[in-house]
Structure formats: structure tokens, C-alpha cells
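Please keep the sequence and the structure in view while reading.

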Amino acid sequence: MNGSLIDNLKKMMDYGMLGVYRRKQLIDEHSDIKTVPALIKACSIGAWLNRMYRLFDKDGNGILPQIESELFHMFEHPVAEMIDRLPEPYRTQATSGVTYYGTDELIDDGDNDIIITEDGYRVLEINAIAAAKDKAEQMNEYDEYNIYQNMNENNYVDKRQFIISGDNDYISVQDLIVDADKRRFKENYPELFQLVYKRNERTDLYRCYHCGMILKERKVGDFSCVSKECNRYLDKKIKMDTTAGWIMRDVVVQSIRYPGQLELKIKDVLEKAIEKGTVKSYDIWPGKWEGTNDTWDFRVYMSDGSILLLDAKNVTNLYWIINDKREYMDGAKFWYVVPDSKEKRYVDIINENIAYDGIAGCLKVRELKKMLGVK
């Protein structure tokens, strides 16, 4: 676990309130589901912080919650009560650095019900929690938010290129010795490394025969690929040689690594177009917030002086493209580029209904090649 005590304390409370909200949902729905991942995560952070910083009271009990009932008990009182129990200098740091310090109790856990207070609902509207609390995959939503926040702080392009490139979805201890690029990423971006990777605990790892992604294994012998199109190829899965190391988290594979493979294909097309002479140059992930975020995946300067804006999209629901809203440059043509595996009707429906009629369009990779005069 990386970051300062205060950073992890904030995460513990965010995960905690996200978990409280989910627990309330399950109770209200009379659900039989007993496990709430966000609550487990919050308690694991609390236990780690207690051990790491020796946060124990005079009776030897952990100051931070380590089990769900302790977490609920903490939120039933003003958060300041817990922070005031911390030893110096952590108490002073937390008083000024933790958003929740000035709040009253956030929940009322009584009569087998969970009542979230007014202060509690205000906390649930803060940053990442607001984006995650009403989603089925709450943990993924929250983790994805934190990953993008970290990527956007600085060196966005460098960070994103590493995550989508080559075989960086698994990094062994040996890799960090012999591979300067992998070692540089871990050393330069230690917090992002912890967000993107987790210690591998699986004994057998396999890659998808079709796309090369590491297969998920929900239970022993039950494999699936991040791409549903690939699951028919699982009988040809490729066994990996693994030693101790780190594996990319599922949320990163789903939201960055796998979509990035289409971006790499487009980049290869543009490089060939430069050799051919139809493209003069291109920028990767440029836009209004250039250097910290991207508006498009590519801004392409054509040899005839025109500009193309390209955005890679590999989504099952085509209405994510039809209803997409983003800025565009006056005089530039904006194309959504989709995989060649998409049906012609998929592309036709997008072009018939796209929000930016006459300004934006959709085409496949092979059609982009034809447009740019490359094979």
C-alpha cells in the first residue's frame, strides 16, 4: 500500500462510506448478499495503517476500524473523535488534511437499519463517491476515478503509453532488474503503480490466443477474456511463464489496456501513412487539456494541409458513440474509428444518427487505411 497516512486515511473513509451506502442498499432490497467489497477494502486499509504507524490506544486496541462493526461505530460519532485519538504528529496532519474532520456523525445504525445522516449524504456527493455510489460496480468506478486522477496530474501521455503498450499487463521481479522502462515506471510513478497493479497470487496465467490479453479466472478452470468476441478462442489459450510479480488490475485492463490496443493499431496506420507521404505528422491524446487529459486520441496533420481528428472506440453499444459529446476543431474532420470486426450495419447506424452530422463520422480501421493510402 502506497501513499502517506493521510492519503490512505482519506481512502479508508471513502471506501467506508461507499460500503455503508451499499450495505444500506442491500438491506433495503432484503438481499442475501453478505459481502460488500468496499467495506472489506476500508477495513483492510484501517488494519494496515494501525500496524504501519502503530496506531493503538493504551489498551492495545487499534484506533482505526479493522472490522465492519468498528467502521460503523466510527461513523456513528463525529469523525473528529477518531482523529483526536491519533498520536501526534498524525493528529495535526489529519485535522487539516481529512475532509471529514468537521462533520458530525455520518450514519445512525439502529434498529437493524442504516440511516445516513445529512452530513453523510453530503460526503456521498464528494468527488469519486458521487460517480460510484449508484453504479453496480462501485469499487471499479471508484478505483477508475482515482487512476485517472493520478494519470491526469502530470505526464499523462507517458503514463498511458506504458499501460497500453506491449506486455506491461504483467511485470515480474526479474523484469524490474532487466527492463529499464518497467523499472522507470515503477520508480517514477509509485502511487500509480500501486493503483494499476496488484501482487499476483495465481499459480497459472494464460493469455487469450486471439487478442493477447491475460485471461480472467473467476474460479479454477473457468476462464474468460475481457473481449467477449474472443471467448470462442479460449480452447487455444496460451500458458504464460510466470515468476513472482505484479498483474494489472481488471479495471485497468477493461478501461485502458484493452481499448488501447485499437489505439495502437491506429498509430501503426498513421506511421505507415507518414512513410507513404499522405500524413505529415500527428499528436497522440491531444485536446483542450493537452498534457493532462485528452479530447481525441489523435490529431492528424495531412500532407494536403487538412486536419483529421480520430477517436478509437471499441464498444458493444453503438449509442455510446452516437450520443458522445465532445469539442471539435473548426475545419477539421472528426472520425470515430472502430475495429474491423464490427458489422457494416453497426457503422451505418452510427453514421445515420451521429450527433455531429456532417462534422463527424465513423469508419473501420481498414477504411482508415484506404483513406490514408496504406495497406
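At 35% relative accessibility, Lys272 counts as partly exposed, a class that lies between buried (under 20% relative accessible area) and exposed (over 50%), with a 1.4 Å probe and protein chains only. Asp268 is likewise partly exposed, its relative accessible area being 40%. These two residues form a salt bridge in which the closest N and O atoms are 3.4 Å apart; the term stands for a side-chain nitrogen of Lys or Arg within 4 Å of a carboxyl oxygen of Asp or Glu. Asp268 and Lys272 are four residues apart in helix H13, so about one helical turn separates them.

## Basis of the model

This is a predicted model, in which local features need pLDDT of at least 70 and side-chain atom pairs count only at pLDDT 80 or more, whereas totals for chains, interfaces and linings use all residues. Residues are numbered from 1 along each chain as its sequence is written, and side-chain values use heavy atoms, with hydrogens and water left out.

## Overall make-up

The protein chain contains 16 helices and 14 strands, these being DSSP runs numbered from the N terminus, with helices (H or I) of at least four residues and strands (E) of at least two. Its C-alpha atoms fill a box of roughly 75 × 45 × 40 Å along the principal axes. Of the 375 residues, 45% count as buried, and the accessible surface of the chain comes to about 19,600 Å², of which 47% belongs to carbon and sulfur atoms; such areas come from the Shrake-Rupley method with a 1.4 Å probe, and for residues only the protein chains shown count as cover. Among contacts (heavy atoms within 4.5 Å) between residues at least 6 apart in sequence, 61% join residues at least 24 apart.

## Packing of H1 against H3

Helices H1 and H3 pack at an angle of about 100°, with their axes 11 Å apart. The axes are lines fitted to C-alpha atoms over the stretch in contact, and the angles run from 0 to 180 degrees between N-to-C directions. H1 is therefore roughly perpendicular to H3, a label given to angles of 65 to 115 degrees. On the H1 side, Met12, Met13, Gly16, Met17, Val20 and Arg23 meet Glu68, Leu71, Phe72, Met74 and Phe75 of H3.

Because Arg23 lies in helix H1 (residues 5-28) and Glu68 in helix H3 (residues 68-75), the pair ties together parts that are 45 residues apart in sequence. Arg23 counts as buried at 12% relative accessibility, whereas Glu68 is partly exposed at 29%.

## Further charged residues

A search of the whole structure finds 20 salt bridges. One of them joins Glu263 to Arg160, with the closest N and O atoms 2.9 Å apart. This pair links distant parts of the chain, with Glu263 in helix H13 (residues 250-276) and Arg160 in helix H9 (residues 156-164), 103 residues apart. Both Glu263 and Arg160 are buried. Elsewhere, Glu118, Asp119 and Arg122 are linked in a network of salt bridges.

Lys342 sits in the loop between strand S13 (333-338) and helix H15 (344-353), where it counts as buried at 9% relative accessibility. Apart from neighbours within four places in sequence, Lys342 is in contact with Glu229, Asn314, Val315, Thr316 and Lys364.

## Backbone geometry in loops

Most residues other than glycine have a negative phi, and most peptide bonds are trans. The bond from Glu88 to Pro89, however, is cis, with omega near 5°, and Pro89 is placed in the loop between helix H4 (79-83) and helix H5 (90-97).

Arg54 has a positive phi, near 55°; this residue is in the loop between helix H2 (37-53) and H3 and counts as exposed at 66% relative accessibility. Asn155, which is not a glycine, also has a positive phi, of about 50°. The place of Asn155 is the loop between helix H8 (138-153) and H9, and its relative accessibility of 43% makes it partly exposed.

How values were computed: Angles under 35 degrees count as roughly parallel, over 145 as roughly antiparallel, 65 to 115 as roughly perpendicular and the rest as oblique.
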